[in-house]
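Let's take a walk through this protein chain together.

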Amino acid sequence: GVRMTTIFPYLNFENTKEALAYYEEVFGATNITRLPVGKDQAAHFNMSEAEAANATMHAQFDIAGTTVLASDSFGRAERINNGISLLIDYDINNEDDTREVEALYRRVKEAVDVEMPLEEQFWGGKMGAFTDKYNVRWMLHGQDYTKINK
């Protein structure tokens, strides 16, 4: 099939290897792949081979059916700022997606800073928001797509 143009969140961490372990443990991230800095690139980054093995050129992982990309910041990023949020939007009529997003929220809620619990909102959808230990702000949003697309 024809692939649609897509935008992916691409996060930079001081230590992506550590962040991947966090997202796996706390968020239940799946399909985690990680490309370390290669031996040949180590010199370019002024790293020993041991440091290079722990550094990350590129990584990806899935959370609630969505894909997030990541790499080490290599000194570029001070920290992730909350001026941007990752919004996971789902159709409340899709039972599998709803179950997955609600399970994600139940799983993380004790380990994150919850700004808005995931619950029914006055407009008829469900909404929740929280910030994780890396200062990444997540929003969960469920809506009834049968009403929107008419």
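Trp-123 sits in the loop that links strand S6 (113-120) to strand S7 (126-131); strands here are DSSP runs of E, at least two residues, and helices are runs of H or I, at least four residues, both numbered from the N terminus. This is a predicted model, where local features need pLDDT of at least 70, side-chain atom pairs count only at pLDDT 80 or more, and totals for chains, interfaces and linings use all residues. Residues are numbered from 1 along each chain as its sequence is written, and side-chain values use heavy atoms, with hydrogens and water left out.

Now look for Glu-14: it is 109 residues from Trp-123 along the chain, and their C-alpha atoms are 39 Å apart.

Zoom out a bit. The chain has five helices and eight strands, and along the sequence they follow the pattern β-α-β-α-α-β-β-β-α-β-β-β-α. Its C-alpha trace spans about 55 × 40 × 25 Å along the principal axes. Of the 150 residues, 37% count as buried.

What about contacts, meaning heavy atoms within 4.5 Å? Among the contacts with a separation of 6 or more, 56% come from residues 24 or more positions apart.

Conventions. Buried < 20%, exposed > 50% of the residue type's maximum accessible area, 1.4 Å probe, protein only. Contact = heavy atoms within 4.5 Å.
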